[in-house]
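Hello,

Here is the structure I promised to pass on to you. Have a look at it first, and then read my notes below.

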Amino acid sequence: MRTTLRTRKAALTITALTTAAALGLAGCGGDGGKKEPESKESPGASTLSLPSLKGEKIEVAAVWTGPEQENFTKVLDEFERRTGAEVTFVPAQDPIVNFLGTKIAGGSPPDVAMLPQVGAIQQAAAQKWIKPLGADAKAQLAKNYSKGWQDLGAVGGTPYGVYFKAANKSLIWYNSAAFENAGASEPKTWKDFLATAETISASGVTPVSVGGADGWTLTDWFENVYLSQAGPQKYDQLAKHEIKWTDPSVAQALTTLGELFGKPQLLAGGAAGALQTEFPVSVTQTFTGGDQPKAAMVFEGDFVAVNIGQTQAKVGTDAKVFPFPAVGSGPAPVVTGGDAAVALKDTKGAQALLTFLASPDAARIWAAQGGFLSPNKALDPAAYPNDVLRTIAKALIASGDDFRFDMSDQMPQSFGGTPGKGEWKALQDFLKNPKDVAGTQARLEADAAKAYKS
C-alpha cells in the first residue's frame with residue numbers, strides 16, 4: 001500500500017450474510033522464561049516469554065512510511081522494552097525483494113523483513129535468503145493463526161513467514177454529508193453503485209476518488225470485480241495462469257470496470273487526474289471540504305482509516321463504509337492481503353522478534369492505533385479503537401481458512417507487484433483508455449507469459 005499500503009489482497013469467500021452483517025454494523029517476553037509485563041499500549045494480559053537480548057542490534061526492513069512506519073515503530077519499541085535489544089527500522093524501496101537482493105549482495109542484509117506478497121516469500125526462499133521459523137515462533141504461529149494463514153507463510157511445507165498485518169480491501173468509504181445532501185444510500189450491487197454515483201454527480205459532487213498513480217489500487221479494483229463476476233474457480237485459475245488473460249472472463253471484468261472508468265465525470269479529476277493521484281490523497285480529498293469534497297467515495301481497505309485520521313472527519317459518523325458491491329450473481333467480494341515477517345539471519349534476536357510478532361501482544365499495540373487489521377485469532381477485538389474496525393476484524397477472523405490470497409501476489413513479482421510494469425502499468429493504461437479491452441488483455445497476457453517463464 002503506497003503509504004506504502006501495498007498490503008496485497010486475498011480473496012475471502014465469506015458468505016453474503018456474514019459480510020453484510022459485519023460491514024453493515026460498520027456503516028452506522030522477559031528474562032529466564034519469566035512472564036512479561038503487559039504492554040502499556042493497550043489492555044490485555046501477556047503470557048509471552050522472550051529472551052534477554054541486551055546488547056543485540058536488530059534491523060527490520062519494510063516499505064512502510066508515514067503513519068504505518070510510526071505505528072510499527074511502537075511495536076518495535078515494546079519489543080526493545082521487553083528484551084533490551086536495540087531495533088532499527090530500515091526503510092526499503094519497492095519492490096522489496098529487489099531491495100533485499102542488493103543488501104544481500106552487499107553483505108549487509110537486515111535481520112528481519114516484512115514481505116507483502118506470497119510470491120516474494122517464495123522467491124526469497126528459492127534464493128535461500130530467508131530462514132525457517134524457530135521452535136518458539138512456530139509455536140506462536142500454530143497457537144494463534146488459522147491453517148490458511150500458516151500455509152501462506154510456508155514454502156514446501158516449511159514455515160518461513162508470520163503474517164503480522166492484514167487488510168480487508170473490499171470496502172467503499174464515503175463522505176456521509178455528501179451522501180445525505182444527494183439523497184443517496186449505500187448500494188448493494190454494481191448496478192446500484194453506478195446509479196448512486198450518477199445521483200451524487202447530479203448533486204454537484206464528483207462521486208469517486210481513484211488513486212491511479214499507485215497501480216496496486218487498480219489491481220484491487222479489477223480483482224474485486226473479477227472475483228465477484230467470474231467466481232472463485234476462475235479467480236484461482238487466472239492467479240496460476242492456468243487460463244490466459246485473453247480469456248472472455250477477463251474481457252467481461254474489464255468491460256464492467258470500464259463502466260466506471262469510461263465516465264471521466266464520475267472520477268475526481270477525470271482519468272488524467274486519477275492517474276496523478278496517489279493513494280493517500282485519494283482518501284484525504286474525499287474527507288475534506290465538508291459537504292463539498294473533491295469526491296464522495298473512495299475504494300480501499302480498512303487501512304483507509306489511518307488516512308481519514310489525518311483529516312477532521314470522524315470514522316463512523318463523517319466517514320462511513322459499505323462492502324464492495326456484488327458484481328455477479330454470487331456474494332459481494334471480500335479481498336484481503338497481508339505483510340509477513342521473515343528472518344534473513346538465523347539469530348536469537350531475529351527469531352525472538354518473529355515470535356513476538358506472531359503473538360497477540362504485538363498485534364494489540366498497533367491495533368490500538370487504528371489503520372491495522374490482524375489475522376491473529378487470539379487478539380481480543382476490544383483492542384481495536386472503534387466498532388468499524390472491530391466488525392471488519394471479526395469478519396476476517398470468522399472466515400477461518402475459507403480464503404484465497406490476492407491474485408497478483410500469487411504471481412511473479414515482475415508481473416503482479418512492480419510499479420510501472422506488468423499488471424500495474426497495463427491497468428493504468430486501461431484507466432487512460434478503458435475502451436481498449438482487447439489491447440489491455442493482449443498486453444497483460446504477453447507480460448504474464450514472459451514473467452511465468454522467467
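Which side chains meet in a salt bridge at 2.7 Å, N to O, with Lys169 as one partner? Lys169 pairs with Asp220. A salt bridge here is a side-chain nitrogen of Lys or Arg within 4 Å of a carboxyl oxygen of Asp or Glu. Lys169 sits in the loop between β7 (162-168) and β8 (171-175), while Asp220 belongs to helix α9 (residues 215-230), so the bridge ties together parts 51 residues apart in sequence. Both Lys169 and Asp220 are buried; buried means under 20% relative accessible area, exposed means over 50%, and partly exposed is in between (1.4 Å probe, protein chains only).

Before you go further, please keep in mind that this is a predicted model: local features need pLDDT of at least 70, side-chain atom pairs count only at pLDDT 80 or more, and totals for chains, interfaces and linings use all residues. Residues are numbered from 1 along each chain as its sequence is written, and side-chain values use heavy atoms, with hydrogens and water left out.

A search of the whole structure gives 12 salt bridges. One of them joins Asp361 and Arg82, at 2.9 Å from N to O. This pair links distant parts of the chain, 279 residues apart: Asp361 is in helix α16 (residues 360-367) and Arg82 in helix α2 (residues 66-83). Helices (H or I, at least four residues) and strands (E, at least two) are DSSP runs, numbered from the N terminus. Asp361 is buried, at 3% relative accessible area, and Arg82 is buried as well, at 5%. Through shared partners, salt bridges join Glu78, Arg81, Arg82, Asp361 and Arg364 into one network.

Lys147 is exposed, at 52%, and Asp151 is partly exposed, at 42%.

Now for the strands. An open sheet of four strands runs in the order β9-β10-β8-β11, with mixed pairing; two strands pair if DSSP finds at least two bridges between them. At the edges are β9 (208-209) and β11 (319-323), each pairing on one side only. Strands β8 and β10 (residues 297-299) are antiparallel and joined by three bridges. Ile172 stands opposite Phe299 in β10.

Enjoy exploring!
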